[in-house]
Amino acid sequence: MRLGTAKMRRETAKMDDALPRSATSGAVWLELDGERVALLPDRAVWWPRTATLFVADVHLGKAATYRAHGVPVPESTTASTLAALSALFDNLDVRRVIWLGDLLHAREAQQPVVLDAVFAWRCRHAAVEMLLVRGNHDARAGDPPAKLAIPVVDEPFNCGPFAACHHPQRVSDMTVLAGHIHPAITLRGAGHQRLRLPCYWWQPRMLILPAFGEFTGGATPLATRDARVWPVGGGAVWPAVRP
Amino acid sequence: MPRAKRGEVDSASAVATPAVTTKKPRIKRTPESPAAAWLKSRGHEPFEFQRAVWQAMAESRSGLLHATTGAGKTYAVWLGALQALAAGQVPPPPSPVRGKAKRALAAPLTVLWLTPMRALAADTLRALNEPLAMLAPHWRCATRTGDTSPSERAAQTRRLPTALITTPESLSLLLSRADARESLGSVRLVVVDEWHELMGNKRGVQTQLALARLAQCNPQLMVWGLSATLGNLDDAIDALLPRAPIAPARAPVYWPTVVASGEDAVVSSGEDAVVASGENPVDARAPWIVRGQIDKALIIDTLLPARAERFAWAGHMGLQMLPQVAAAIDEHASTLVFTNTRSQAERWYRALLDARPEFAGQLAIHHGSLDKSVRDWVELSLKAGKLKAVVATSSLDLGVDFLPVERVLQIGSCKGVARLIQRAGRSGHAPGRASRISLVPTHSLELVEAAAAQRAVAAGRIEARQVPRASLDTLVQHLVTVALGGGFTPDALYDEIRHAASYRALTPGDWAWCLDFVRFGGPTLTEYPDFRRVVPDADGVWRVEDARLARRHRANIGTIVSDAMVTVQYLRGSRIGSVEESFIARLRPGEVFTFGGRLLTLVRVEQMTAYVRRAASGAAAVPRWNGGRMPLTSTLADAIVEEFAAFDAGGPRGPEMQAVASLLEIQKRRSALPTPEILLAETLKTRQGWHLFLYPFAGRQVHLGLSSLLAWRAGQHVPATFSLAVNDYGLEMLSATPVDYAALLPMLIAAPTERADDCAAGLRPRLLAEVLASLNAGELARRRFREIARIAGLIFQSYPGEQRSARQLQASASLYYEVFLKHDPANRLLHQAQQELLQQELDIERLASTLAAVNARRLSLQPLKKPSPLAFPLMVERFRETLSTESLASRIARMVTELELDAGGELVGTDHAPVATLIEADHDIASTLQLGGAGEGAFKPRKAESRRMSRKNGRARPSQDDSRVDHVDGVGLGMADGVGLGIAVGDTATGAVPKRHVPKPRLARWPRERPATHVESDAPGDGEDALGDGKDAPGDGQDG
């Protein structure tokens, strides 16, 4: 099967016709264990049948943590991260959010300047049910305050055919959705061009989400022969490439 | 500090020439001064320049002493100091009899001796100690550098010695001590050794700030700089001496110059009368430049390749020349082999041992990453004449005298005339012997360079060094240092730092921003009370209150940016040195690497220490130390074009040009030769895309800015993405999409028409706007920001003890860059990144003059069918810049399409149907992957693994130390011209071929902790490109 990019984009667009265009344009649709999910360009996975959104590695309060340690980082990363989440909730049918770990960056993130903003944002989306699968940063940062109404569970958390985790791992007979890695991939092209982009990383029984947070880096995982990668950038999720 | 002024500007031009100055000897001869007596007791007659310095110091003058290496600069200043400062404290002893009572307590700290390199400190200490017994028995000297033992440090904390030999970084550390003012207040003299090495970089700026601080504690402070070959002595002394900012009227500054040659020493004519009559209308303590003219015979020659026509067109290891180098070493009792990088030193050391096994025990390696004990052993053995040869980097460039060395070999380009002379001076140190340096080319064009270097030395053309201006990152660091060292009040400190030449013109706005930055983290952070690095106390004195911040700051003082270092140590036993963490992280236990000239097996890595044991044999990896590459100076580049022109004109040819003749004939056949009159441009279409090669010969740094500008201009016509490569000769623009360079070129190189009044005012607003726009489209500023972020305290170097807790604070400079760009675009550190680029690399004036020069030449556009010898090194250059005027989406789209085509047109997972099938089909693969359960085992964090992954994921990427020559897609590099192209892939001469990177299926392993340095280590050439003055040497001077 040989397709040009333009044709692929048309195909994707055709599929999106049934849905609100603005919300999932540029997304890639996958069928995992019989469930149709969208890999959104906003770096979250949407499962429309259950109106669930999976978001990994938000790292709220990372900038505040740095400042607490005397490193001058401007604060507005939290605000813009929350705004990006709100936009998703507003445009898609989202009744439930499962945070795949590392919601708060560190203990120092649990301070008013961060939590007040998060609380105001939580109140705005009070109707959305939220659940945090504990990640390594959450273990250190402590559970979010009760008033945020985000219960915390340990990985793996089973929902339908999916096992929601933070660390990539294998859970028998389940498809693991995980974060932690902040996967990124370097694309190389003619003319010595290269671009490093965050990506969705798939290998059998496992889908790793890119980090949602803004102030986060990325690592390139070890490639396996059967891994598939969807780069994210320029407002779209791109067709899979082999890493 | 006094400043010397003269009313009439014209008199400044009356700088000494021997004809004028030999008329009136000025230096008083006091035949039996204690210093002279001591020198005579050692069988030396004092030189005139030494007497001149003694007199100046007796008169409490500051100054700059400029003489060739080995001329006796150290004793000129040191004996002067002993006479001027020690004599007053006790009566000079009549004979070298040691009084017992005087040993009781040494005099307080009086002299600070700054040296740019740790390696020099021990040698300087030995030299300074020698005359003490006779001239100042109550003085005590000691060193304090990064190599100083903790016990010695503790002793110094209790009481500092009379004379302290230290580095700029260690001095800053002393300034950060709470009792800095008291302990350093007694300093009466600061000597800055090898000032020419420091003045052009931020370590020099750091030194300026420290001097301003010391001068503030003691207004009578004397400062003496020692300098070797330099083109701009006036700038050097101006930057060295702290002095009040000049009034807006800009009084002309004039430095009296003392030329001391042979018998006579005179002050230059302008000041003659003043000194002669013993009075100075301005200030009797006006500083002097003392110039010791001791000419030393210098021989420069070149080792020629055996078969020049088979010699490599590119590559930089140069092991093809191994037989000639080994033969040259055979000829002499002792030889120094200089390389330009530490990796190259390691490779050459192994290769020489392989070629001459009998050298074992007489061949040593020396570079800044080796442990002090190793370096000391090499230096002492070399001095004692026990070594046949030492392979060294710039760590042996300076200071230390090695009498037995008869000849210096320079592998690869020396990059500059001053550096060539400096290195040559390492040989023939005994009186009456000539210095001899032999250049060893690593590829054909370096033969031209060798000929050009000889031409430039013969003509006496030596580079000038520019002093950095107002680097805010260094100032921010200094503010925290001073806040630790007893605190400061802003007004007083503003006044103080403007005594440093680099900050004389610092605006109140910039100053206020720096204060805000250390207090609030910058204007945008004002409302966040959690950030406080430096805060004013009740009395308005700014201090650092947080002990943790204080500790971290002290650990990070310095302006040399290096990656986290890992100590290399035998399993039980001695330390060998240190390498960058990113290198060790790529190795697995059991793998072999070469370090310090030894083959070592990695056993394990623990707490920033790599434990190793000796390996018998094996294919060894060579560590790669980061560090910029030195740019070729424009002085040398100009000389190269002249060589080309002379060749073209068919004049007499030296042996180098004869050797390279066949290559230049190919250049003429395929294209043309560049000359001072012709601007050569070449175009080429390959599978990689559309290439343009342009040869302005303006040096690497200018080409970097020029290529960005040209690419940005080209991108204004059609949005495109360019990959840019530069070297010292020219630049390459490569686009994956068609570009008609032939049609565009006149527009690309046009100099923008500026308004006449702007030009008159020295402004070039249109060019500046274009350059700034090109900066934003490219990555240059982002790279530059890395260094700035470290110095300003945004990024911390990891150090033992705080490893774990610091992890959550690790972020890469590029991450900061993006966050600042988005949320704090007014951040002045971003501006500094741009400013530094504009000043140091994209100097608008220089760019404008380059454009003018380029336009003045006749354009010769040559469409190529095959790469020309000049184009080839650019094509295979792996450190490239990217500049794009396209949208991110269209860039991704093109690459994704290409990747699909590369993969045979197979499309996977583009919509849900194929992926679903794919997932089903892969079920059985999953079961064979042994992913293990959800347990830890399968996904145990392994840093080394994750590093490896990022490497394997790329295409085959030979390390920097493999030959620079990559494959060149779709280019016919044949024998069609009847002349073979010796392409040095992995230095075929030794049979060392780079390993093929065959991607293998691997087990999935995920790092549990994500090392944040990933982001940086993955960036191509991050910190390796020649940005600024970073080179191999700074690593050697790392200290603190």
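1. This is a predicted model. In it, helix α19 (residues 472-484) of chain B and helix α21 (residues 508-520) of chain B have axes that come within 10 Å and cross at roughly 55°. That angle makes α19(B) oblique to α21(B). The crossing of α19(B) past α21(B) is right-handed.

2. Which residues make this contact? From α19(B) they are Leu472(B), Leu475(B), Val476(B), Leu479(B) and Val480(B). On the side of α21(B), the contact is made by Asp510(B), Cys514(B), Phe517(B) and Val518(B). Sorted by class, the contact has eight nonpolar residues, no polar ones and one charged residue.

3. Is α17(B) largely enclosed or largely open? Eight of its eight residues are buried, so α17(B) is largely enclosed by the rest of the structure. The buried residues are Val417(B), Ala418(B), Arg419(B), Leu420(B), Ile421(B), Gln422(B), Arg423(B) and Ala424(B).

4. The cover over these buried residues of α17(B) includes both strands and helices of chain B. Among the strands are β10 (298-302), β11 (335-338), β14 (407-411) and β15 (435-440). The helices include α18 (445-458) and α24 (634-649).

5. On the scale of the whole chain, the secondary structure of chain B comes to 42 helices and 28 strands. Of the 1040 residues in chain B, 53% are buried. Among contacts in chain B with a separation of 6 or more, 79% are between residues 24 or more positions apart.

6. Confidence needs attention before any detail is used. Chain B averages a pLDDT of 70, and 64% of its residues score at least 70. Among the elements of chain B, strand β5 (residues 189-192) has the highest mean pLDDT, 94. The lowest mean, 27, belongs to helix α39 (residues 923-928) of chain B.

7. Two stretches of chain B should be noted. Over residues 247-254 of chain B the pLDDT stays under 50, and the model has 14 contacts beyond four places in sequence for them. Over residues 903-1040 of chain B the pLDDT is also below 50, and this stretch has 296 contacts in the model beyond near neighbours in sequence. Where pLDDT is low, predicted coordinates should not be read in detail.

8. For the complex, the predictor gives an ipTM of 0.78 and a pTM of 0.65.

Conventions
Residues are numbered from 1 along each chain as its sequence is written. Chains are lettered from A and ligands numbered from 1 in the order in which they are written. This is a predicted model: local features need pLDDT of at least 70, side-chain atom pairs count only at pLDDT 80 or more; totals for chains, interfaces and linings use all residues. pLDDT is the predictor's confidence in each residue, from 0 to 100. Helices (H or I, at least four residues) and strands (E, at least two) are DSSP runs, numbered from the N terminus. Two residues are in contact if their C-beta atoms, placed from the backbone, lie within 7 Å. Axes are lines fitted to C-alpha atoms, for helices over the stretch in contact, and angles run from 0 to 180 degrees between N-to-C directions. Angles under 35 degrees count as roughly parallel, over 145 as roughly antiparallel, 65 to 115 as roughly perpendicular and the rest as oblique. A crossing is left-handed if the near helix is turned anticlockwise from the far one by less than a right angle, and right-handed if clockwise. Ala, Val, Leu, Ile, Met, Phe, Trp, Tyr, Cys and Pro count as nonpolar, Asp, Glu, Lys and Arg as charged, and the others, Gly among them, as polar. A residue is buried if 20 or more other C-beta atoms lie within 10 Å of its own, exposed if 12 or fewer, and partly exposed in between; C-beta atoms are placed from the backbone.
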